[in-house]
Structures are given as structure tokens and as C-alpha cells.
Amino acid sequence: EVKNSGKNNFCIFDKAIEEKVERAARLERDLRGALDRNELYVVYQPKVHLATQKYCGAEALIRWEHPDLGFISPIEFIPLAEEAGLIDRIGDYVLLDSIEMLKVLNFKKDEPFSIAINMSPLQLERENCLDSINRPILHSGLSASRFEFELTESAMLKTNETHSFEILKTLRRQGYRINIDDFGTGYSSLSYLQMLPVDVVKIDQSFVRDLTEKAANKVIVESVIKIAATMDLTVVAEGVETKEICDYLTSLGCELAQGYFFSKPISSKELKELLSPPHGAG
Ligand code: C2E
Ligand code: MG
Ligand code: MG
Ligand code: MG
């Protein structure tokens, strides 16, 4: 009925919001015990050096398998973890898993391989931030150069002139690399990169996905690669899904790439198999 449709639409809309709020509240509540119930785990997505096509690292990505609701995306539960004050514990968990992973992989000193860990800006604000990173890593005997910490461009921009900015600078001095994640989505200018305590620029997948079709994306990606080179920054293209895009990025001189074309995020066991020589060899 035309007359009532406005009101009905409103009700449907209202209900959708209510369901969303209820789901968020439930997830936040369930997340509190999720770590202790072993529902959270870490997967690793390999990163490839394009010129040599060799694996040079991996990104640690958190996963939550909810017993009733199934797989919950970190895009949905990380903000809830931040809100619930659980993000430090999750961060500690991902760091410990990454340390174990690196210990098992047991690289030789001259073999370049590092694990990139995503960081919420809130983790930089915790009182013992540096200690929470340095203590387990020092204890493991692993070199700081095996670790990269990723912050999204928008989170990075907010650290300017704050204590977090100093923390990032200290981490770099201590030998960790700092990555700016989802670059291109935070609306900072390319020249601003120079001011940031950053070693690696990860071009957001929205620019990479239709790189070979969209002229505008070509221009953006090409500029980032060129300017990053002059600033001595490493570039990673995120979300590489096809050979065509991989080849195009290689021709542009993009150093590193990550995406389903090379590998989806995989378990630590699968990563170990991927990196070890074929069965029976060596
Ligand atoms: P991100 O750090 O930008 O991670 C890249 C995301 O893109 C991952 O999604 C990855 O699975 C996905 N991806 C990789 N290659 C491809 C591809 O070729 N095509 C497509 N379509 N997607 C690809 P995921 O694992 O769902 O993570 C989403 C976001 O959640 C991450 O974005 C990161 O911001 C956040 N996140 C994940 N793990 C953690 C964590 O341990 N701590 C924190 N603070 N945030 C995390
Ligand atoms: Mg990331
Ligand atoms: Mg990203
Ligand atoms: Mg992202």
C-alpha cells in the first residue's frame, strides 16, 4: 500500500539497525572469552619479491571461529575488541604466535624473511607498549629485523605530534620496520610520507584490483612506486589476484606483492610446507 510504505520502510530499517546493534553486543560479549576458549587463531599470508618471485615474508592475520555464528571477519570484530578493551590481549597473542612461527621456520641469518603484524592505534597508547613488544622478542632471541608493524594510513595520520608518534620512532630505531597499510585510503599527500616514521608503503587493494582496467589507478600506483623509490621506501602491492596485474606491477618496478594470486592467508603448518623444499629433497 502506497500510503503505508513510508512507515513500513522505516520499520524495516529500524529492525535492521536493531539487529546490527544486537549482533555487535553479542559478539563483543562472546569475544571476552574467545581467547581462553581457543576460538581465535592466526593465519599467514605470504609476501613475494616480484623480481625474483621468492617469498620474503608473511602477514599475520587474526581469525575468529565463533562456535554458533561461524567465521567472523576481523573487519567486524577488531573494532569491537578495541571498544571492549581486548585489543592489547589480541595483539599480544598475534605477536606470540608470530614469534613461534619464526622459531619453527628457523631462518638462517642472511635469509630475508619477516612477519608483518597489524596494530591498532590503541596498542601504541598502552602504557607498556614498547615492553610488550620487546620483552617476548628479546626472550625469543629473534632479531628485530624479523618483525614489521603495520598501521593503516588513517591511524598513522592521527599519531602526528602525539606520544604514539614517538613510540613508532623508537620502534624503528630498535630495528623493527613500520608499514603504512591501506595506503591511498587516508587522503594524505605523497609528500607527507617523508614526515612519517615509515619504512614500507602498502598500496591499498582498491587501487590494485582493477589496475589494468582503470587508467586513474594506473597513474596512482605508478606515482606511489616512483615517489616511494626516491624516498627509499619499500612498496608492497596488496590484493594481487591475477597474473596480468602481477606482470604489470613487475614492469612498474614494484618491489613486493601480496594477494590471492600468490596465496590466500594459510595456517602456520601450510606456510612451513610452502617455504620448505619439496619432500625428500635437501
Ligand atoms: P589488512 O591488514 O589490509 O589485510 C589485508 C586483507 O586483505 C586481509 O583480510 C586479507 O585476507 C585480504 N586479502 C589479501 N589478499 C587478497 C586478495 O588478493 N583479494 C582480496 N579480495 N583480499 C585479499 P582480513 O584477514 O579479513 O583482514 C582484514 C583487516 O582486519 C586487515 O586488513 C586488518 O586491518 C585487520 N586485521 C586483521 N588481523 C588483525 C590483527 O591481528 N590485528 C589488528 N589490529 N587488525 C587486524
Ligand atoms: Mg595489514
Ligand atoms: Mg591493507
Ligand atoms: Mg585493510
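Select Cys 246 and display its side chain: its sulfur lies 9.4 Å from the closest cysteine sulfur, which belongs to Cys 254, and this is too far for a bond. A disulfide is a covalent bond between the sulfur atoms of two cysteines. Here, a disulfide is counted when a pair of cysteine sulfur atoms is within 2.5 Å. A search of the whole structure finds 0 disulfides. Cys 246 is buried, with 3% relative accessibility. The term buried means under 20% relative accessible area, exposed means over 50%, and partly exposed lies in between (1.4 Å probe, protein chains only).

This is a predicted model, in which local features need pLDDT of at least 70 and side-chain atom pairs count only at pLDDT 80 or more, while totals for chains, interfaces and linings use all residues. Residues are numbered from 1 along each chain as its sequence is written, chains are lettered from A and ligands numbered from 1 in the order in which they are written, and side-chain values use heavy atoms, without hydrogens and water.

Next, select Cys 129, which is also buried, at 2% relative accessibility.

Then move to the magnesium ion (ligand 2). Glu 59 (OE), Asn 118 (OD1), Glu 150 (OE) and Asp 181 (OD) coordinate this ion at 2.1 to 2.2 Å. Donors are N, O and S atoms within 2.8 Å of the metal (3.2 Å for Na, K and Ca); water is not among the atoms, so sites may look incomplete. Along the sequence, the donor residues follow the spacing E-x58-N-x31-E-x30-D.

Now select the strands. Asn 118 lies in strand S4 (residues 114-118) and Glu 150 in strand S5 (residues 147-152), so the pair ties together parts 32 residues apart in sequence. Strands (E, at least two residues) and helices (H or I, at least four) are DSSP runs, numbered from the N terminus. Asn 118 is partly exposed, at 31% relative accessible area, whereas Glu 150 is buried, at 1%.

Finally, select Asp 181, which coordinates both the magnesium ion (ligand 2) and the magnesium ion (ligand 3); the two ions are 4.2 Å apart.
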